[in-house]
Each structure stands twice: as C-alpha cells, then as structure tokens.
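Good morning, everyone, and thank you for making the time.

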Amino acid sequence: MPPSPAHHDLIIIGAGFAGMYMLIRAREMGLSAAVFEKGGDVGGTWYWNAYPGARCDIESLEYSYQFSEELQQEWDWSERYATQPEILAYLNHVADRFDLRRDIRFGTRVTSARFEEAEARWLVESDDGKRGTADFLVAATGCLSVPYTPAIPGLESFRGKVLHTGEWPRAGVDFRGLRVAVIGTGSSGIQSAPIIAAEAEHVTVFQRTPAYSVPAQNRPMDPEQQAGIKARYAEFREANRLQIAGFGSDCPMNEGSALDDNPEIRRATFERYWEEGGLLFLRAYADLLLNPEANAEAAAFVREKIAEKIRDPETARKLTPYGYLACKRLCADSGYFEMFNRDNVALVDVNETPMEEMTETGIRTSEGEIPVDAVVFATGFDAMTGALERIDIEGRDGLRLRDKWKDGPLNYLGLEVAGFPNLFTVTGPGSPSVLSNMVPSIEQHVDWISDCIGWLRANGKRSIEADPGAELAWVAQVNAIADLSIYTHCNSWYLGSNVPGKPRVFSPCLGVPDYNARCAEVAAAGYEGFIVR
Ligand code: NAP
C-alpha cells in the first residue's frame, strides 16, 4: 500500500504572482497549504518568459502587489516598465520576505486532480509521483503558460537551436555569429527580435499578420514620480480599480468620441497619447474599442506613424497593419520597426512567401531555402484554458474539465465551474484577467477566494460550486459585452483562434469596475449563483 497522501486545507497549483499571494493569504487565515510548481523557482510567467527584451507593458508602479504597504514602500523600481529580470527579482524578494519557499514543491508538474465526493476533497497527483489531498484546490496556473508551437513540417529534422519565447533556457542564449529566424510578431516577437538582431549575425522575421505597435516610451524611473506615488499609494490603487482595465489613472481616459473632434484636434489628441506610450494610447478616446469608425481613425494614425519609421517602401508595405487596432492585443515596442532598417534584418511575409518546411539547416519557403542556425518561436500560447486542460481534472460523477469545456470554458465569474466543487481558478476564463492589469486582478480573486473559504468554514459548509444556470448566464453576459466591442471581429488568442481546433469563444470579461462590484455583490448575498453544501 502506498502511504496516504499528506492532507492540506489547500493545494495551490502554480507559484507565480497568483499562487504566491494565495499562499500568503492561506497562512494568514491559519490554513495549511502546499504549492505544486512546475518551474525550478517562483515567478510563473516571469520565470519562463526570460527571452531577450522581455518586459512588462504595464507600468512597474502598477504591476506589483498592493496587499502589503511595507512591501510596496520598500521596493524601488528602476524603469518605467520593468524588465523580466527585475520582476523576477521582485518576486524572489517577496518569496524571501514572506518565507514562501518552505511550502512550495518545485519541479513538480501536476498531472491530475480528482474530486473525491465522499470526503469532499481533492486528490492531486504530479509527474514526480507526489500526491496530496486538500479540501480546496486553487488553480493559479496562469493565463499564458502553455507555449504554442505550430506544427511546421520537418521541425524535428532541424539541427540548429529550437527556442520558444515562453520557455526560454535559464542559462540564456548566445546569438553571436548565428543566423536566426524569429517566427511570430506579437508582443514577444516584437520585444525579442530587436535585441536578438543587435547581437546575431542575421535575423529573418517571419510574419503572418503585421502587428499594430506603439512605442513603449520606456525610460529610467523618475525618483520623484516614484516617491510621489508611494506617498499616495492607497489612493492611486483605488483610482486604478475604477479604470476600465484596472490601470492608467494618472493618464485619464479622454471620455469623448474620436468622431466628435475635428481632424486637427483629433490628430493632436492622438499625438498626445502616442507620447504617453504603449497601451495608454488607447485612452485617447473612450470609444476606440467600441466604435469601428473611431477605431479606424486611430488605426490610420498608427499606420502613418509606422510608415515614417521604415526606409524601404516594400518592407514598409509588408509591415503595415490592417483591420481593427487592438483587436489582437496592442503591442508596445522599443525600436521594433526601426530594426528593419538594419542591414542584417530581413522580413518574410508568410502569406506571400509561405514557409513550406524546415530542413536540417534552415527554413524552406516558396522562394527557396533560408539557412538559419536557430529558430525562435514567438508564436504565443494556448491561452486562458490551456494550462487547466493539460491537467486531468475530474469533478463529481467522473466529469472531466476538458470534456466539459470542449465547446468553450463554461464557468461562473471566472472563479468556479459547475460539477467541480471547491476548485477555484485564479483569473480564470470569464474574468477580466488578460484585459486588465493582471496583478490587482489576481489580488482581487485571491481575496475573494480567501473570504469565500473563510465564510464556508465559519458557516460549517463543506463545499461550494457554480450553479449550472448561473454559469450559462455568465458566459452569455461576457460574450454579449464583448460583442459590443471590436474584440470579436478578428482572430486572436482572446478567442482561442490562434490554436488550430480550439473552439472560438471570447474568454476574458471586459470591464474591471463592474466585474469587481459583481463579485462583491455575489459574496454579500451569501454566494448567490453558487451551490453551497
Ligand atoms: P501572440 O500574441 O499570440 O503572437 C503570436 C505570433 O505568432 C503572431 O504574430 C502569430 O500570427 C504568429 N504565429 C502563430 N502561428 C504562426 C504560424 N504557424 N506561422 C507564422 N506565424 C505564426 O503571442 P505572444 O507574442 O507571445 O504574446 C501573447 C501575449 O502575452 C500578448 O498578447 C500579451 O498579452 C502577453 N505578453 C505581454 C508582454 C508585455 O507585457 N510586454 C510581452 C509578451 C507577451 P497571427 O497574428 O497571424 O496569428
């Protein structure tokens, strides 16, 4: 007989921003918790995405925890937008400061989780044979944590380096003297390619859809600005909670419509927000993501700006984005378009020149073979649902999560799923998650989950799960809101349409303030829309 697995109040899957904070809250509540983490240390997304040029496109002073005033006062950020190493250093500081590692089992990938109805507990198993049981299972598995690599014929025969931005080698990569292919031009490709091009002998960027990108306008942190925000941190966080995406309160949204201003004023407004940098550009007018005509005005402005940066007209033509601005996530870059003026950078538009196969020594396109020594897949993730569906999660009556979600991720509030009692998903599909500043959204979820567990215990209840009717209504509401926007009018990972065969369903919930209010109301009403036993 194998020994009985250790029992905990909570098992938490993942030790990124979400799992770490969940562990802190569990301890504060006097609950025993064990964290299972696939990586070799804390960090989650920021552990794995260690590619050159990786940095956040939400400002450092906002993309950080707020649960501890001492923590937010003692940590200093060095740049407006933090690099991946700086965010990872911050998370390591948090792990040290709160002594988190003693409850985290690293190098342990959870393979299955089964709800044992008689005991109302979860049995969790991992790839290293470790098992554990818990009253509550918290999936802090991340929204963008399963890298997606397209099935390119011949990939296995390629003899050079094969890399993915979302699974970067811990030791880094020396690109000196190498000819490199970068496939994909989303945020990861746009950030990494210019840095790789500065080091490598040659870079060929393979593009399928030209990206809309706005300069990040990154700069060293202004110490006065940092001190100023620290002096009013609580108010600043509160003001951000009232923003549609949970950030940017110091760059107020221009509440008008882009169509109400005359062309000169509109242009001046776009210029002003362009100078703000990155995602803040979308605050130039309140209707940019809602009104196709307003969006077209902003898109034309961005196209013009991009064209000004590229010397070769043919390259500029290929790089010119089309369709709705920010329907795929808007990118924030530092010298991406300017990179194409370098002699050692080439662009292949795979719509005009398809990639046919990989050979031992390069990539064969319809126009011949391009010899390369390394291929960087910047091809994104099986987002939102990928990590949860990779685990064999079995709820009541043998119901499997991946079967339940075969037509899309049914859930209530992005927090719970009918048929899976006491399983909580942090920033799950159906919550603002990737359409918001992730860190405060994580804290809001973890606080809600902690309060819910506290309430269950105080009221002598053993389990909570979503009501099937509430779940259907919620997913319908999330999609109805999305249909009012431009988001459903293109192919994007928000819709799952970047992964062949994945059902096309819009997963994130638009609008942080309304969402947060709804979560609070549901809890105040004794967990309305949930079945409590
Ligand atoms: P992504 O946005 O999904 O971009 C993947 C890219 O690969 C797209 O250009 C896509 O083209 C291309 N692609 C996929 N399959 C291909 C194929 N078979 N052939 C050619 N091209 C192919 O992934 P990502 O860049 O890793 O970013 C994902 C998300 O992570 C971002 O949207 C953002 O939310 C987050 N992120 C944030 C930051 C930041 O904070 N600065 C940095 C990196 C990532 P199509 O567009 O045609 O599908």
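With 533 residues, a compact globule would have a radius of gyration near 24 Å, and the protein chain, at 23 Å, agrees with that; the radius here is taken over C-alpha atoms, and the globule rule is 2.2 Å times the number of residues to the power 0.38. Along its principal axes, the C-alpha trace of the protein chain spans about 70 × 55 × 45 Å. The chain has 16 helices and 20 strands, where helices (H or I, at least four residues) and strands (E, at least two) are DSSP runs numbered from the N terminus.

Before going further, please keep in mind that this is a predicted model, in which local features need pLDDT of at least 70 and side-chain atom pairs count only at pLDDT 80 or more, while totals for chains, interfaces and linings use all residues. Residues are numbered from 1 along each chain as its sequence is written, and side-chain values use heavy atoms, with hydrogens and water left out.

Now to the ligand. Around the ligand there are 23 residues, of which Arg-55, Ser-188, Gln-191, Arg-208 and Thr-209 come nearest; a residue is counted as near if one of its heavy atoms lies within 4 Å. By class, this shell has nine nonpolar, nine polar and five charged residues, where Ala, Val, Leu, Ile, Met, Phe, Trp, Tyr, Cys and Pro count as nonpolar, Asp, Glu, Lys and Arg as charged, and the others, Gly among them, as polar. Helix H5 (residues 187-199) gives the largest share of the shell, three residues.

Which atoms approach the ligand? A backbone N or O atom of Arg-55 lies 2.9 Å from a ligand nitrogen atom, an N or O atom in the side chain of Asp-57 is 3.1 Å from a ligand oxygen atom, and a polar side-chain atom of Thr-209 lies 2.5 Å from an oxygen atom of the ligand.

Helix H7 (233-241), helix H14 (438-458) and helix H16 (512-524) each supply at least two lining residues, and H14 gives the most, with eight. The lining of this second largest pocket comprises 13 nonpolar, ten polar and seven charged residues.

Terms used. Polar contact = N/O pair within 3.5 Å; in protein donor to acceptor, adjacent residues only side chain to side chain.
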